[in-house]
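Please have the sequence and the model open beside the text.

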Amino acid sequence: MIFRISPVPMETRTIQIPITGHPEDRITRRYALYFGKKLGAALLGVHAAGDRFSNPTGSSGGQGTDLFASFNADCREKGIPCRTAIRQETWDAVLKNNPLQADLTAVPYGKRFRLPGFRPEDILAPSALPLLLCPDRYIDIESMAMAYDGSDASRRVLELAVRLSEKASWPLSVLMVPDDQEQGGRWTDDAESYIDSLPINGTTIILSGPVGQALHRFVLEGSVELLMMGAHGYRMHGAGSVGSTAAWLIGKVDFPLLMIP
């Protein structure tokens with residue numbers, strides 16, 4: 001198998017996050033700041049005024065620019081360039097239409113706080129942006145994994161994962177849950193023929209069991225801190241706009257999950 005490198009590299013220049021005025025913004029902001037520092041990206045704080053739940057006064061109780069005070073202060077402290085915007089539409093519309101030309105979106109998706117009415121399944125159309133789902137707890141990301149199944153979609157995700165691994169200096173585990181040993185061997189050969197030729201710390205790992213549970217268990221065991229996968233690749237069937245494995249993992253998010261449309 002010969003990988004065809006995508007003509008457009010995974011250049012993450014701008015990471016956008018919602019600014020709702022709720023205290024829970026801070027966890028998503030920490031993840032965005034961490035990614036921004038690692039990737040040399042600017043941050044874009046967006047307040048979607050069309051969402052009724054948003055708190056336009058901000059956590060300090062002030063008006064106007066106070067909504068972005070903590071965001072701007074944290075960016076200055078970390079030395080990360082930033083800008084802010086107020087949009088009149090809902091966050092769903094901001095994500096679907098990408099009017100501000102972001103490259104990646106980080107959103108809160110924990111058990112305690114989520115953007116009300118927000119469903120990743122509705123946003124992850126093939127033309128959408130990569131989406132980082134952030135849990136309630138913050139952890140520094142020091143290593144990452146991605147799900148691979150030999151499909152064209154997962155090969156594209158592997159290309160992006162390699163670029164992210166190289167840029168952020170994160171070791172990469174390529175996870176596979178094959179149906180049998182022969183299939184596992186083919187997938188391993190495919191992936192290793194690609195990553196072994198590149199200047200990254202990468203390895204392939206065969207897992208067993210139901211796909212979603214196997215991937216979830218691997219992360220929970222502390223092997224990596226970030227899981228990256230395609231929303232339309234890994235043996236995904238019959239789950240609407242995303243596949244069944246993606247839908248299952250989205251429902252179980254308790255670690256950073258980077259979904260690639």
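## What covers helix H5

The cover over the buried residues of H5 includes H1, strand S6 (144-147), strand S7 (172-176), helix H6 (181-195), strand S9 (226-230) and strand S10 (257-260). Helices (H or I, at least four residues) and strands (E, at least two) are DSSP runs, numbered from the N terminus. Covering here rests on contact, meaning heavy atoms within 4.5 Å.

This is a predicted model, where local features need pLDDT of at least 70, side-chain atom pairs count only at pLDDT 80 or more, and totals for chains, interfaces and linings use all residues. Residues are numbered from 1 along each chain as its sequence is written, and side-chain values use heavy atoms, with hydrogens and water left out.

## Helix H5 itself

The buried residues of H5 are Ser154, Val157, Leu158, Glu159, Leu160, Ala161, Val162, Arg163, Leu164, Ser165 and Ala168. Buried means under 20% relative accessible area, exposed over 50%, and partly exposed in between (1.4 Å probe, protein chains only).

Helix H5 (residues 152-168) has 17 residues, so at 1.5 Å a residue it should span 24 Å. The expected span is 1.5 Å times one less than the number of residues. The end C-alpha atoms of H5 are 24 Å apart, which agrees. Ser169 follows H5, and its phi is positive, near 60 degrees.

## H5 against H6

The axes of H5 and H6 cross at roughly 35 degrees and come within 11 Å. Axes are lines fitted to C-alpha atoms, for helices over the stretch in contact, and angles run from 0 to 180 degrees between N-to-C directions. The crossing of H5 and H6 is right-handed: the near helix is turned clockwise from the far one by less than a right angle.

From H5, the contact uses Arg155, Leu158, Glu159 and Val162; from H6, Asp190, Ala191, Tyr194 and Ile195. Five of the contact residues are nonpolar, none polar and three charged. Ala, Val, Leu, Ile, Met, Phe, Trp, Tyr, Cys and Pro count as nonpolar, Asp, Glu, Lys and Arg as charged, and the others, Gly among them, as polar.

## H1 against H2

Helix H1 (residues 25-39) packs on helix H2 (residues 69-78) at about 30 degrees, with axes 11 Å apart. H1 is therefore roughly parallel to H2 (angles under 35 degrees). Their crossing is right-handed.

Arg29, Leu33 and Lys37 of H1 meet Ser70, Phe71, Asp74, Cys75 and Lys78 of H2. Three of these residues are nonpolar, one polar and four charged.

Technical notes: Parallel < 35°, antiparallel > 145°, perpendicular 65-115°, else oblique.
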